[in-house]
Every structure is written in structure tokens, then in C-alpha cells.
Amino acid sequence: MSIDIAANPYKKDFPLLVKHPDLAFLDSAATAQRPEVVLAAEREFYETMNANPLRGLYELSIRATESIGNARKHIAAFIGAGEENYRDIVFTRNTSESLNLLAYSFAPTVLEEGDEVCITIMEHHSNMIPWQQACKRAGAKLVYLYCDENGQISEEEMQKKIGPKTKIVSAVHVSNVLGVENPVKRLAELVHAQGGYMIVDGAQSVPHIKVDVKDLDCDFFAFSGHKIFGPMGIGVLWGRHELLDAMPPFLTGGEMIESVSEQDAVWSEVPEKFEAGTQDAAGIYATDAALTYVEQIGLDKMEEREAALMAYLAERMEELPYIEVVGPKDPAKRYGAFSFNVKGVHPHDVSGILSGENVAIRAGHHCAQPLLLYMGMHTCCRASVAFYNDKHDIDSLIDALDVLGGMFNVK
Amino acid sequence: MSNSTTTSIYSAALMDHNAHPDYKYELEDATYSHDGINASCGDEMTLYLKVNNDTNVIEEASFTGHVCAISQASADMMAGLLEGESIEEAKRLSGLFIGMIQGNELSDEDKEDLDEAAELQSISRMPARVKCAELAWRTLNGILSERDKELAGK
């Protein structure tokens, strides 16, 4: 590998990491840190264009409205939807809300009793519970695609589970536990052949992989800004225009109407139809800035560095005989997330003790309880990397695990 | 982000109770048993009590389950503490312990009554682990309040 992971030219961009120089932050899959430019953008919005977007007819409000439009254009281009299709970008609070929007507004338009919705066993609860509920409401069946111990879903499994009754396949693009990339393009092909629709949960893929929704040929794509260095509270839903257009609104109220009478209302067009109430315009503006930051560094460069970090992490983990790796052994198959258990030590104790050593990792069920049960465990630990991590962070993790091994006598 | 709190939680006593719990077994002739779930992680514990309902004395307490070191050590300390105590005393100790974990200061006398369990006081400064320390005690409260209801119904 030609990448120097000991050097870290990126840390200085992140105020929290600068303030905590001894912290090994290895939980970016839960939420990333934000660079100074994102924090500055949030402030800039309030200082220079704060007014309620859409409502006012004066200069400030027009600027606020424009900034939201620009963010839509940027996001549409970023995920390969095409800048010209920016009005198919709907803002929500997070990926969960984007998926709920689909489960409430889209699912009833296609699901009938006896139909099937197909998801993978590695879904985050946010792409599982909305479908459990949607299926219950429609009298439909929720069908699971199972993976092998390396997190791979076979062609045979996909062929077996996707059939004439399948109206929706909703799959996580990259698993938050296993880090594997799912064959969403193939799933789209299979479900389209049956006349159904493809939804992709991109919360964990957008920060690591160049996404092209046209190439994936999916019908909807959801992700969250906070995992790609934007502020918390901004979710995105992209959908094919004709589908969004035909769907009823999810939440109703201000800003999502064309006209209102005492007993009825006419909806606004897409995307406003799905954006009831005042949006977090400053957050949207800052999300735009986060994408600019990513583009300036280059997503491909980030991906390369993350792959090098992941390879080093996997190599160092092998030194510790008491580590049980969860998911693929091949680090090249992991985007960001490395899950593991320490033999005989509860993950909460692992993360608690690591915290004492200034190493932040996630422990628990990772909002993927059915996946962990399927893999034969209740909980596990997860170290996740972003491009702003370095060799030292991983060495700190290994040193801390070594301390833990001594404390619990698991050597 | 100081090291002291997290590491000090894992005291020698806690590590010992975790590694060699005296009371981790299924109590075959339990009078009461109750499942407790730590909602923050999904960990489950079953608590067993053998109570002499004539004298209202807990004769034996034990637990089972796959839980973290803090939950396990706390349960083991509790089971040892409860043995031979009256139901009323168990309720008082539970109040003291949960109060302590919620941040109440205890008198030296109360600390003495909680014995080793008083050492878990530092967990009150770690909100993420409060539920772990409380799990056994909250499960105990579940048994005791159900018992109260049963007796009131008779």
C-alpha cells in the first residue's frame, strides 16, 4: 500500500479531534465528526441568510430558499441522480424518516394482502421495523434474504426469495455491522423483472463508496448527512420522479400545500409535498458544505485511505488470539466497520474499558438485533474508521485491547 | 475524557465477583423467579429467591444469565447480601443501592450495610452503565412488588 497512514493531514480540519488529541475516535459509523467548514457553514447561514425559506418574499428568505435549492442540486449530482433532477431530492430528519416515509406513503400504493416485501437479515432496525409495520398494515409478508458468515448473499438466495409476489425489495447498501456491500444492483434487476420496486438504504455506503443511483437502477435511495460529515438532523430521500409524484404526502401541514380550504387541501409539488413544516435550512446548507469538503479531498482518496486503515486494523487484530472477528475475514470486503468480540468479555465491558484508554468504539446490538441473533450472538463490538483516522488510532485500540486482555485474563 | 472513572469501576472486588460468581446458578426450589432485561443492551438475567413465607426471610438468592461484568458482579454481591435478610431489609437495601447509583450520597452506616456493593458507587458517574449495576436490584424489586400484590390479594 502506498498510502502513509501514519501521517494525518486531515485531523486538523476537525475541531473535536484537535481538542482531543489523545482520543482514538473509532465510531464514525455511528456518526462522523464534522470539519470546521461545516460548523462555519451552519453559523454563516444564521448570520447571513436566516429567514424562513419558501415563506418570505424578501431578500433573506429568497437567499435561504436558494440555498436549499442549491443543496438539492449538489446532492442530486453527488449520488448520480443528475443535477437537473434536483427536485427529486426530499429532505427528512434522517435515513429512518426517509424509510418511514416510504413505508407509509409508497408501500400502500403497491402492497396488497398476500404480497411480499423482501429485506436482508443485515438491515439496521430503521430499514426493518418500518417494513414489519407496513406488512402488518397491508396483510403482506416480510421475507428475509440471509447471508453466509462472511456476509455474502448468494445468487441462489436472491432467486429463491424474489418472486412474483415481491412488490418491494429494500436493502442496506453497506451493512453497519459487517461492513459488506450488498448486491443492490442485482437485487434491483431481479425485483424489476417481477414488476416490483427497489429501495436502497445508503446510510453506510454514501460516506465510503461513490454512489450512482442511475447505475444501481434503484427506485429510491435514502441516506443521512451526519454520517458524511454533515450536521445531525438532515436526512435525504431520492426517488424516481413519477413514483414520488404519485405518492400521497407523509406528514401534512405548512409548506406542503398549494391551497387549503376548510375541508380539503391541494398538495404542493415534489419535493415540498413531503416537507411539512420549517426545515432545518442551516443544516441543509451545512450538508451542502460537507459534500463540497468531501469532493475537495476526493471520495476515491478517502476510500483508498480507509481501505489501508482497515487492512492495518485487520492485521493488528490477528496478533490478539482472543479476538473473534464478526463478518468477513477479508478486510477488502469491509467498508468502514470492523466488528469483533473478545472471548469471554461482554462488549459493554470492552467498550467501557477502552473508553478509559481513550479509545471510542461501539458496543451492543448496533440496532441490528436479528442479524446478531442470526450470527449466534447477542452483542458485539465495532471499531469503524473514517479517512481522518490514522495508524496511531489503531495502535491505541490494539494497546487498549491488550490492557483489557490482561485485566480479564483472557490472554 | 479522563481515564480514572472507567478504570476505577473495574475494581478488584468487581473483577473477582465477575470471574468467580458464588451465586450464579439456577435455584431449583426457588419460591420466586423473575426475568430482568437491560433495555440499553438487551441483556437478560433471571433472579431466583427462596423465601420462607412464614418468617419473611430470604433463605437463598441466585441468578443466571449472560450479562456484562458490572451486571454480573452487582448481582453476585446482591445475592450474597440478601441471604438471611428479611424482605423488609431487602427492600431497604434495594432503595439504598438504587439511590446510590442514581447519585445519592450514603451515610457511612448505610455503606456498611451495602457492604461490597457500596463500592459500585462510582458507576453513578457513568450514565451508560447505571442500568447494568441496577439490573439485579430492579429485578429484585419486580419480585418483591409482585409478592406484595399476591399477599394483598389473599
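Predicted model: local features only at pLDDT ≥ 70, side-chain atom pairs only at ≥ 80, totals over all residues.

A disulfide would require the two sulfur atoms to be within 2.5 Å. A:Cys135 is likewise counted as buried, with a relative accessibility of 2%. For the sulfur of A:Cys135 the closest cysteine sulfur is that of A:Cys118, at 10 Å, and this separation too is too far for a bond. Over all chains, the number of disulfides is zero.

The side chain of A:Asp13 takes part in a polar contact of 2.7 Å with the side chain of A:Tyr293. A further polar contact, of 3.4 Å, links the side chains of A:Asp13 and A:Lys12. When neighbours within four places in sequence are set aside, the residues in contact with A:Asp13 are A:Pro35, A:Glu36 and A:Tyr293.

The next region of chain A is the loop between helix H2 (36-48) and H3, where A:Asn52 is found. A:Asn52 has a relative accessible area of 26% and is therefore partly exposed. Apart from residues up to four places away in sequence, A:Asn52 touches A:Ser61 and A:Thr278. With A:Thr278 there is a polar contact between side chains, at 3.0 Å from A:Asn52. The C-alpha atoms of A:Asn52 and A:Arg63 are 9.8 Å apart, while the two residues are separated by 11 residues along the chain.

A polar atom in the side chain of A:Thr65 lies 2.7 Å from the backbone oxygen of A:Ser61. Beyond its neighbours within four places in sequence, A:Thr65 is in contact with A:Pro53 and A:Leu54. Between the C-alpha atoms of A:Thr65 and A:Ala51, which are 14 residues apart along the chain, the separation is 8.9 Å. A:Thr65 is classed as partly exposed because its relative accessible area is 27%.

B:Thr139 has a relative accessible area of 3% and so is buried. Residues up to four places away in sequence aside, B:Thr139 touches B:His34, B:Asp35, B:Gly36 and B:Leu47.

How do H2(B) and H3(B) cross, and at what angle? The axes of helix H2 (residues 12-19) and helix H3 (residues 69-82) of chain B come within 8 Å and cross at roughly 85°. H2(B) is therefore roughly perpendicular to H3(B), since angles from 65 to 115 degrees fall in that class. On the H2(B) side the meeting residues are B:Ala13, B:Leu14, B:His17 and B:Asn18, and on the H3(B) side they are B:Ala69, B:Ile70, B:Gln72, B:Ala73, B:Asp76 and B:Met77. Sorted by class, the contact of these helices comprises six nonpolar, three polar and one charged residues.

Terms used:
Residues numbered from 1 in each chain as written. Chains lettered and ligands numbered in written order. Heavy atoms only, no water. Axes fitted to C-alpha atoms, helices over the stretch in contact; angles between N-to-C directions. Helix = DSSP H or I, 4+ residues; strand = E, 2+ residues; numbered from the N terminus. Parallel < 35°, antiparallel > 145°, perpendicular 65-115°, else oblique. Contact = heavy atoms within 4.5 Å. Nonpolar A, V, L, I, M, F, W, Y, C, P; charged D, E, K, R; others polar. Buried < 20%, exposed > 50% of the residue type's maximum accessible area, 1.4 Å probe, protein only. Polar contact = N/O pair within 3.5 Å; in protein donor to acceptor, adjacent residues only side chain to side chain.
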